[in-house]
2 protein chains.
Amino acid sequence: MADRPYHHGRLRAALLAEAERTLREGGAEALSLRDLARQAGVSHAAPRRHFADRQALLDALAEAGFVRLGEEVGAAIDDAGEDWEERLRAAAAAYVRFATQDAALMELMFAAKNAAGRSAALREASVPLFTAVGDLIGQAQQAGALPRGDPWRLRLLLVATLQGIATLVTSGRVPAGQTDALIADAVVLFTRS
Amino acid sequence: MADRPYHHGRLRAALLAEAERTLREGGAEALSLRDLARQAGVSHAAPRRHFADRQALLDALAEAGFVRLGEEVGAAIDDAGEDWEERLRAAAAAYVRFATQDAALMELMFAAKNAAGRSAALREASVPLFTAVGDLIGQAQQAGALPRGDPWRLRLLLVATLQGIATLVTSGRVPAGQTDALIADAVVLFTRS
DNA sequence: ACCTGAACACCGTTCAAGT
DNA sequence: ACCTGAACACCGTTCAAGT
């Protein structure tokens, strides 16, 4: 690292990787472009080439977060057995686990200032997540494990419930060790309605 | 304001009031202690007497937010008719309305860094909200409008659902005009399970 | 195409000193 | 008890200049 070349080569990726770590350890407020540049061994103005401003970096983090959340929830569903209630529980557990391990990232992903049409990229990045949950619901309905009804609205309601549980857990309002019980309650709520 | 006395007199209250306004208009990131001091006509070091640091001000805002949310949800329940489903819907609508109008404040209230036992005052401030929801659930259960089961767990699940809906709405993931339908769906989910 | 270095206008926080 | 003013160490952002 003493004789680093003038061009970093992977500065954007390096900044993002380091930012994810800082975000996990100290929250979004601990993220400083100057500090990231320092840790990448680059001048404080160098990140500007890759991120127009600090918000652009946060946007990129949120975007990557949605992609990974979609992957993890999808994988959890696939890895679960064939029982629909079990699959729903696996999806919910994966969602809450992600939120617990990356609480600050989750806050970025659902920040109000990133609302609606603010970022087409962010909306697009969250498609796999919503698709995975939507597919699960549609199939569970066909199998008779979930009540009929507009699958779109049911999908939105399920994601809302998972997101709410995640928020209560990460904000410390669910007693330790009660998380799984709360998730199980939520799944029962949907399957028995 | 030209000949303001040396002692402001109500500096703490003035800072909080102005901070609430800034929070609503520009989010937590727009909150600057120096700027608040300026708007109060006081030196930049004066707020220190009332708030140990910036985080202490944010904590106080979150605390006041929980008190007000508890009041508004409680009032909505009281103002609703005697029908339990209608009362649940009124509580949910009040919760989401609060979150919509004060999205940045809501984020402060449920921030992960304010977790668990971090602030006894914050926990205490949220008691009326949880009590109002808990009482509603207990009474609806006794009236047969909600299924039996541990009311504590049901209370947590209901708050989680409301919080999740609020987050999806403020983060722009619920299509405009679909909010009421989502709230109605949530209430049906609880009453028919 | 990518990065540097200096400059600007802001912060939060601290602390001796004033009223 | 409450507030001021100067000081310190940080920021994000901009821009001419370097490679």
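**View 1. Salt bridges across the interface of chain B and chain A.** In this predicted model, side-chain atom pairs count only at pLDDT 80 or more, local features need pLDDT of at least 70, and totals for chains, interfaces and linings use all residues. The rule finds 4 salt bridges across the interface of chain B and chain A, a salt bridge being a side-chain nitrogen of Lys or Arg within 4 Å of a carboxyl oxygen of Asp or Glu. Lys113(A) forms a salt bridge with Glu29(B); the closest N and O atoms of this pair are 2.6 Å apart. Residues are numbered from 1 along each chain as its sequence is written, and chains are lettered from A in the order in which they are written.

**View 2. The contact between chain B and chain A.** Chain B and chain A each give 42 residues to the contact (heavy atoms within 4.5 Å). The area buried between them is about 3,300 Å², that is, the accessible area (1.4 Å probe) that the two parts lose on being put together, summed over both. Carbon and sulfur atoms give 64% of this buried area. In chain B, Leu157(B), Arg173(B) and Leu189(B) lose the most area to chain A, together 20% of what that side buries.

**View 3. The helices of chain A.** Chain A holds 9 helices and 0 strands, where helices are DSSP runs (H or I) of at least four residues and strands (E) of at least two. The C-alpha trace of chain A spans about 65 × 35 × 30 Å along its principal axes. Of the 193 residues of chain A, 49% count as buried, meaning under 20% relative accessible area with a 1.4 Å probe, protein chains only.

Notes:
Side-chain values use heavy atoms; hydrogens and water are left out. Buried means under 20% relative accessible area, exposed over 50%, partly exposed in between (1.4 Å probe, protein chains only).
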